[in-house]
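Subject: Structure for your review

Dear colleague,

Please find below the structure that I am handing over to you. My notes on what was found in it follow directly after.

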Amino acid sequence: MSDTRRRVKVYTLNEERQWEDRGTGHVCCSEPDSLTVTGEADGSLLLESKINPDTAYQKQQDTLIVWSEAENYDLALSFQEKAGCDEIWEKICQVQGKDPSVEITQDPVDESEEERLEEPEPGHLLELPLCEPERLEELAELVTSVLPSPVRREKLALALLTSGYIRKLLLLFRASEEAGDRQGLQHLYQIVRGLLFLNKATLFEVMFADDCIMDVVGCLEYEPALLQPKRHREFLTKTARFREVIPITDSELRQKIHQTYRVQYIQDIILPTQSVFEDNFLSTLSSFIFYNKVDIVSMLQEDEKFLTEVFAQLTDESTEDTKRRELVNFFKEFCAFSQTLQPQSRDTFFKTLANLGILPALEIVMGMDDVQVKAAATDIFSYLVEFSPSMVREFVMQEPQQADDDVLLINVVIKQMICDSDPELGGAVQLMGLLRTLIDPENMLAPASKTEKSEFLTFFYKYCMHVLTAPLLANTAEEDRDLTEGAAKVNPVCPDNFQTAQLLALILELLTFCVEHHAYHIKNYIMTRDLLRRVLTLMNSKHTFLALCALRFMRRIIGLKDEYYNRYIVKGNLIEPVINALLDNGTRYNLLNSAIIELFEFIRVEDIKSLIAHIVDNFYTALESIEYVQTFKGLKGRYEQEKERQSRGLSRYRRDARSFEDDEDMWLNEDEEEEDVPDAGLDKGKSDYGKFMESEKVKESQDKENQPKRTASGSFKFTFSHSAAAANTTNGSKPPPSTSSSRAAAPPPGQARTGLVGLVDYPDDEDEDEEEEEEEEADEEQSPRKRPRLSS
């Protein structure tokens, strides 16, 4: 027998007496007397149960087996098909020596002897009162009384089906409603609700038939606790009208769609929350809806003519906006229903949509002005990304050959995120999560993942990153002007608008994710565009959450302990905005204060020498008065220990500043050359990155052995200049020759390399000591003891 026939859902009854779904899998008899269920998604063990000869197993509705393994621990297997249930039931009966024709193998252990004596003889139907208005109260009490007993529930359901009682009951409902018999209608409410709690699929087939379901809904309108009845039928027949975006010729499919919507409405809207009941009697109702959805998706998917016509109208420019909105909403519901499919069927479903052109269609509708259309298209896009990020990535990487940057699918998504009109940015948050999934290397796990990662990230940073960072750069554009006017002035470009601040926080969160996961691509982007300086401008924002996002971005960079980043921070004097924020915060003990202190504590604990030297050389005078933590004194101690080691000659290895500067300069030049030619192919960018990444890995491995020495220096403004002459004019000295010829970087072809001053210079020990003493004396003469705020 195939696994498909034995597909089951595993349920357990929790302490609140509610059935909890433990997962979907496949059941088999691993041994003659054991049941095992393995998860269909990951093969995990969902259930392993030994068939006990004394346990009472009960078969319900042809697809459900229920039993108790221990006190207050009930289990249920809900089968997809009757054949699978019959097979397992036969195994259970074989172990217990029972005839498979029985519906319960043992007397229930939780029923008292008195209750069992009240049970009718096996095979005898439960006697029902006559279907008359005077007997409705009696019938309501009978239905309520059988609910605690599985045996009595079975017998009542069988009696109702055998006598055709349900249709008689619904005819009585119509008569009572015409006569205005409110008491009788309230009894009918209790009866119909009780019939639903019998949890029998065979009853549902009758109650939810076309000629019965609206009367069932009508009975449920007359809840006794309400002064006026609800108007559920009016909503279902007038308000919630069924719209066929393309005519459905299959009458069975149309009937099933109607039925599923109405039953879902009964479960979600009419019936009270399940937690208010002693037991969850509605598990079969959920299964009924579940398998209806499976049938609907399968029938639609097989109708290729229908789907082809839907796509044709969706992408047709002449299609009216109202019609297009209905088409998009149809696909949204279609994708939602697909979640009920088995993995293999779901895979076929999404591949069918991809072949029909769902992604190009989304690209069109997501760029429209209609808010409802864009929201529905976003939901569809989320289903596609969740199912297969690689499929979406493959599509977008093919676009630059035939489209402009502005209409690329990912850029359309980014622009929709940026332009979200919701004050709470609900849509933007959802889209940001989808972008994170697409650029996450962790889900690039296909066999060609290495190629996919390299090519997609190169594509993303070349064609899309500038769109993502545009709001960030626009809101920090006046940074340089403000710094020259005086650092004590709050930067006027920091967003005071809460919605803008929220958007920038989302962008920073995504950029922080990139720093952690993208290494060389984001490093190139940050350093060539001086992005960290622009981000740190937001430390002046009145919105503390945005200042914290900016600080978190810097913290993640420093957390990498990458000397390229460290020297970029030192050269740009990018510690200063953080210290200014700490000083401006004053004595307030808040999250901003703690986060800044933690940043400096990390630098101290990890002994990041270049940053420690920069902080102590330039800012210790302003920080030494902070004594409620020992962080800054600790930084000073680390700094002095390093100087002492250097003076004793214990630090024998020197970093080749020329090699680092040459490599960085060549790297930045190559990137600028690529940007100057916007149509340059991805292969060129990939090869440039390959050269740099390989050389950087060599440098980083050597850095672990050769710890750099650093002289004290004043703060200076960070500028990207490739002019060796200008650099030499400023410094007035040349760097020492390379200590390792293998580490020297060759100049680019056709360009003569002149001496470049390194980011950190390493002269001989004697000259170093003299320079340090002269600079320390100069600092003592020029710097006040306390600086309430720093300026560059």
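Of the 792 residues of the chain, 50% count as buried. Please bear in mind that this is a predicted model. The secondary structure comprises 35 helices and seven strands. Among the contacts in the chain with a separation of 6 or more, 70% are accounted for by residues 24 or more positions apart.

Two helix pairs deserve a description. Two packed helices are described by the angle between their axes and the distance between the axes.

The first topic is the pairing of helix α23 (residues 498-518) with helix α26 (residues 544-559), whose axes are 9 Å apart and form an angle of about 10°. Because angles under 35 degrees count as roughly parallel, α23 and α26 are roughly parallel to each other. On the side of α23 the contact involves Phe498, Ala501, Gln502, Leu504, Ala505, Leu508, Leu511, Thr512, Val515 and Glu516, while α26 contributes Phe545, Leu546, Cys549, Ala550, Arg552, Phe553, Arg556 and Ile557. By class, the contact of α23 with α26 consists of 13 nonpolar, two polar and three charged residues.

The other pairing is that of helix α11 (residues 283-302) and helix α13 (residues 321-338), whose axes come within 9 Å and cross at roughly 120°. That angle makes α11 oblique to α13. The crossing of these two helices, α11 and α13, is left-handed. In this contact, Lys293, Ile296, Val297, Leu300 and Gln301 of α11 meet Phe330, Phe334, Phe337 and Ser338 of α13. Six nonpolar, two polar and one charged residues make up the contact of α11 with α13.

Turning to aromatic residues, a search of the whole structure finds 22 aromatic pairs. One of them is formed by Phe204 and Phe288, an edge-to-face pair with 6.3 Å centre to centre and 80° between the planes. This pair links distant parts of the chain, since Phe204 lies in helix α7 (residues 201-207) and Phe288 in helix α11, 84 residues apart. Phe204 counts as buried, at 0% relative accessibility. Phe288 is also buried, with a relative accessible area of 14%. Elsewhere, one aromatic cluster is formed by Phe306, Phe311, Phe330, Phe331, Phe334, Phe349, Phe350 and Phe387. Phe330 and Phe334 of this cluster also take part in the contact of α13 with α11.

Phe311, a member of that cluster, is in contact with Ile358. Ile358 lies in helix α15 (residues 358-365) and counts as buried at 1% relative accessibility. Leaving aside neighbours within four places in sequence, the contacts of Ile358 are Phe311, Leu353, Ile380 and Leu384. Ile358 and Leu314 are 44 residues apart in sequence, and 9.7 Å apart in space, C-alpha to C-alpha.

Most residues other than glycine have a negative phi. Asn573, which is not a glycine, has a positive phi of about 55°. Asn573 lies in the loop between α27 (563-571) and α28 (576-585) and is buried, with a relative accessible area of 5%. Asp607 likewise has a positive phi, near 55°, and is found in the loop between α29 (591-605) and α30 (609-623). With a relative accessible area of 21%, Asp607 is partly exposed.

Yours sincerely

Key:
Residues are numbered from 1 along each chain as its sequence is written. This is a predicted model: local features need pLDDT of at least 70, side-chain atom pairs count only at pLDDT 80 or more; totals for chains, interfaces and linings use all residues. Side-chain values use heavy atoms; hydrogens and water are left out. Axes are lines fitted to C-alpha atoms, for helices over the stretch in contact, and angles run from 0 to 180 degrees between N-to-C directions. Helices (H or I, at least four residues) and strands (E, at least two) are DSSP runs, numbered from the N terminus. Angles under 35 degrees count as roughly parallel, over 145 as roughly antiparallel, 65 to 115 as roughly perpendicular and the rest as oblique. A crossing is left-handed if the near helix is turned anticlockwise from the far one by less than a right angle, and right-handed if clockwise. Contact means heavy atoms within 4.5 Å. Ala, Val, Leu, Ile, Met, Phe, Trp, Tyr, Cys and Pro count as nonpolar, Asp, Glu, Lys and Arg as charged, and the others, Gly among them, as polar. Rings of Phe, Tyr and Trp (its six-membered ring) pair if their centres lie within 6.5 Å; planes under 30 degrees apart count as stacked, over 60 as edge-to-face and the rest as tilted. Buried means under 20% relative accessible area, exposed over 50%, partly exposed in between (1.4 Å probe, protein chains only).
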